[in-house]
Amino acid sequence: MDMDSRKKNKGYQARLFWIISIFTWILTFAFFVLLYTREKELKIESQNDQLQILNNEILTDIENSENLEDAKEKLKGRNDSIRISVIDFDGRILFDTHAGDSLENHSNRKEFIDAMSKGEGYMLRRISRYVNNVYFYSATKGDSIVVRTALPYSDSLLQTLRVDWIYSIIILIIAVVVNVIAYFAIRRIGMTIRSLRNFATKAEEGTLDLSETYEFPQDELGDISGMIVNLYIKEQKMRAERDENLQALMFEEQEKYRIKHQLTNNINHEIKNPVHTIQACLETMVNNGERLTELQKSELLNNAYGSVMQLSSLLRDISLITRMSVAENKIERCEVDVNAILDSLKKDMELYPEEKRMRLNINVPDEMKINGNQSLVESVFNNLKNNSLAYSGGRDIFITAVDEGNCYMIEFADNGIGVEPEHLSKLFERFYRVDAGRSRKMGGTGLGLSIVKNAVLFHGGDIRVSNRNKGGLQFTFTLQK
């Protein structure tokens, strides 16, 4: 992955982490404030409840006293740390244990207003102008008076009202743990995104190796990413296979057109030579028949006859190779005795003049039978024999065969001069000749070895050609049983 991609990936991880972190801390702060406020309220309400109990006791004592002076004496004997005030419904101070009874009207005090309207009220923190101290006030309404108690803000009260921070610390620890978990979770997600981005970058740049394996974390996001990558790779392989098949099909069509075009040109070229020869011989005899001797006429007729035979052989070979290429499924099959074909080949060789004859050295199994076409198998051995007779320059032909179970491996070789290495791969092409002039002089059509190859392929085999180490040419091919 390049530097820009790494920066983008880190930027995404950082943004996602900060979003989650900020959201977590906002929730933590809100929860902390809520917890702090609620606990503070509970502690204040608890303290107020205790003072309300005291207020009710004082109201009871006052109501049970014979007069206000008697009540004052009882109140003075209570806890000196707690300031007690008795207020009428108009807000006038009737009695105060710490400041006397000459205080200003308290009708505007919050705890008094709440007590008058709700039956009780409190004020959390207010300094007294008369006693010069800070108090927690709690007021309770009676039948004709309001009793207010004030607890000074001492260390004990502060300790009572202090919020317990243990829960806040626990919340902070949980927030930190959540942030740590979020960091590693986002890092894991980042690994998946990084792998997916690396894959997408390679796909966009065209440098993607379809055989490469892309690893993702074992989670839902990793599984989805893996499925996306696998689907893309599968689609690309199918597209590549389709393109390859299309190219192969186009190449095959082009090759067919090329071969067809080449075959047409070669046929035209090959037919022209014997036709021109026949035409020339006949024109000479027609135009100059009276001036020609019998010997000259005989030579012209022999030349014309030889060209006719060459033309007939060419047409026969063209018909045979076309039938194998176009109508292969219409060629009949039967049991073919290869030994009998080799025996016939040996007898035919004995009919040749001694100066043209080659010795046949045959070493094959006693019984060689295949399921094939009789005339095609004969054409294989006859064309190979004719090729050796015409071009090898040797005196011996060696035919060997080995039974390999489902087929026969056959070698057909001679001890002639062989051919140059650059010609070997082209020998099976139609109308290809190593020496065109010599081939036509020997009466060849240029289709013999092409017929051999197509006949071998028809019988489910393959064929190759090479030069022998001892000299000469060797054809190795198989024939399926």
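1. Lys-481 is partly exposed, with a relative accessible area of 37%; partly exposed lies between buried (under 20% relative accessible area) and exposed (over 50%), with a 1.4 Å probe and protein chains only. The model is predicted: local features need pLDDT of at least 70 and side-chain atom pairs count only at pLDDT 80 or more, whereas totals for chains, interfaces and linings use all residues. Residues are numbered from 1 along each chain as its sequence is written, and side-chain values use heavy atoms, with hydrogens and water left out.

2. Lys-481 and Asp-403 are joined by a salt bridge of 2.8 Å, N to O; the term denotes a side-chain nitrogen of Lys or Arg within 4 Å of a carboxyl oxygen of Asp or Glu. Lys-481 belongs to the segment after strand S12 (473–480) and Asp-403 to strand S9, so the pair ties together parts that are 78 residues apart in sequence. Strands are DSSP runs (E, at least two residues), numbered from the N terminus. Asp-403 is likewise partly exposed, at 42% relative accessibility.

3. A salt bridge also links Asp-396 and Arg-359, with the closest N and O atoms 2.8 Å apart. Asp-396 is in strand S9 (residues 396–403) and Arg-359 in strand S7 (residues 359–363), so this pair ties together parts that are 37 residues apart in sequence. Asp-396 is buried, its relative accessible area being 10%.

4. Between Arg-92 and Asp-88, the closest N and O atoms of the salt bridge are 3.0 Å apart. Asp-88 is buried at 9% relative accessible area, while Arg-92 is partly exposed at 46%.

5. In total, the structure holds 11 salt bridges.

How values were computed
Helix = DSSP H or I, 4+ residues; strand = E, 2+ residues; numbered from the N terminus.
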